[in-house]
Amino acid sequence: MLFYFTGTGNSLLAAQRLASSDEKLISMADAVNNEKFSYNVPENENVGFVFPVYFYSVPDIVERFCRRLKLKNQGYVYAVITCGGGIGGSGGLLGEILGKRNITLNNVFELLMPDNAMLFYNIPAGNDVTERLVNAEKSISEIKNKIAAHEKKVIKGSTSAKIGRTAYRFFRSTKKFFVDNSCVGCGMCAKNCPDKAIEMKGGKPHWIKDVCTKCTACINRCPSKAIQYGKATIKRNRYVNPVFGGK
Ligand SMILES: Cc1cc2nc3c(=O)[nH]c(=O)nc-3n(C[C@H](O)[C@H](O)[C@H](O)COP(=O)(O)O)c2cc1C
Ligand code: SF4
Ligand code: SF4
């Protein structure tokens with residue numbers, strides 16, 4: 001059983017590669033939106049959590065899911081956390097959150113993938129991204145072997161995640177999002193938003209929540225590059241993983 005969250009596809013690609021042919025992939029965003037928090041784990045099946053690191057911490061929607069999760073028959077439990085640089089203490093924080101649900105996290109794997117954090121700075125594009133994706137495939141194979149061997153480690157250290165989470169809360173406001181004239185009204189941004197924070201009104205997107213998970217799906221995946229976040233993003237690269245049609 002594999003629980004995943006993704007904004008721009010890195011974590012979904014990793015989840016798809018890690019899942020065995022008959023393993024169920026469960027979207028944590030859908031589960032939160034449908035209030036589904038109880039699961040029976042099939043016999044001898046692992047439980048995986050695959051998601052991106054945000055501010056060395058855990059995405060808000062993942063935290064909301066894990067804080068209410070009830071698992072029956074858990075066996076080996078692992079997390080694969082995708083990142084553009086490093087996962088900090090996010091694994092330690094996840095371990096603490098799951099521990100309160102009587103779920104023991106047996107291992108955490110860091111998976112370096114292309115950076116999608118273009119709200120804050122310009123992100124690499126072109127060859128740098130291609131190279132990252134090629135290297136990520138190798139890392140996923142290594143991680144898969146370790147999961148198959150049920151490799152365990154003591155997971156500790158959540159300090160950087162707790163500091164990062166304070167900064168993350170400050171950056172979760174949707175106020176700086178706006179749409180420019182190149183919007184074609186396709187509605188993809190509203191459809192792709194895991195937090196249901198966008199509604200189409202008069203053929204244009206409107207951010208209807210004051211805060212969101214900040215996954216960057218709306219701004220990175222808009223086919224017209226019509227979404228901006230303050231003035232700086234107009235000149236910045238966008239990133240979409242090939243799993244969602246990016247190159
Ligand atoms: C709000 C936000 C915060 C991020 N913070 C970090 C971070 O602290 N460290 C890091 O290495 N990458 C960080 N990233 C980059 C993502 O974790 C990375 O690109 C991830 O693979 C994206 O996964 P996804 O495509 O499944 O959404 C951040 C991205 C976003 C949108
Ligand atoms: S995805 Fe882009 S083009 Fe489509 S409605 Fe949203 S802002 Fe407009
Ligand atoms: S509004 Fe945009 S950044 Fe915020 S959760 Fe929705 S898609 Fe992600």
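Colleague: Where does ligand 1 sit?

Modeller: Ligand 1 sits in the largest pocket. Keep in mind that this is a predicted model.

Colleague: Which elements give two or more residues to the shell around ligand 1?

Modeller: Those are α1 (10–18) and β6 (77–83).

Colleague: And how many residues are around ligand 1?

Modeller: There are 23 residues around ligand 1. T6, T8, S11, V53 and G85 come nearest.

Colleague: What about their classes, nonpolar, polar or charged?

Modeller: The shell around ligand 1 has nine nonpolar residues, twelve polar ones and two charged ones.

Colleague: S11 came up. What lies 2.7 Å from a polar side-chain atom of S11?

Modeller: An oxygen atom of ligand 1.

Colleague: Which residues put a polar backbone atom by an oxygen atom of ligand 1?

Modeller: Y56 does, at 2.8 Å. N116 does too, at 3.1 Å.

Colleague: How much of the accessible area of ligand 1 does the protein cover?

Modeller: The protein covers 95%. On its own, ligand 1 has 650 Å² of accessible area.

Colleague: Switching to ligand 2. How many residues surround ligand 2, and which are the closest?

Modeller: Ligand 2 has 14 residues around it. The closest are C183, C186, G187, C189 and C222.

Colleague: How does the shell around ligand 2 split by class?

Modeller: Eleven residues in the shell around ligand 2 are nonpolar and three are polar.

Colleague: How many are charged?

Modeller: The shell around ligand 2 has no charged residues. The shell around ligand 1 has two.

Terms used
Residues numbered from 1 in each chain as written. Chains lettered and ligands numbered in written order. Predicted model: local features only at pLDDT ≥ 70, side-chain atom pairs only at ≥ 80, totals over all residues. Heavy atoms only, no water. Near = heavy atom within 4 Å. Nonpolar A, V, L, I, M, F, W, Y, C, P; charged D, E, K, R; others polar. Polar contact = N/O pair within 3.5 Å; in protein donor to acceptor, adjacent residues only side chain to side chain. Areas by Shrake-Rupley, 256 points an atom, 1.4 Å probe, with all protein chains shown as cover. 1 Å grid on protein atoms, 1.4 Å probe; cavity = no way out; pocket = protein on both sides within 12 Å on 5 of 7 lines; lining within 4 Å. Sits in = over half its atoms within 2 Å of the grid points. Helix = DSSP H or I, 4+ residues; strand = E, 2+ residues; numbered from the N terminus.
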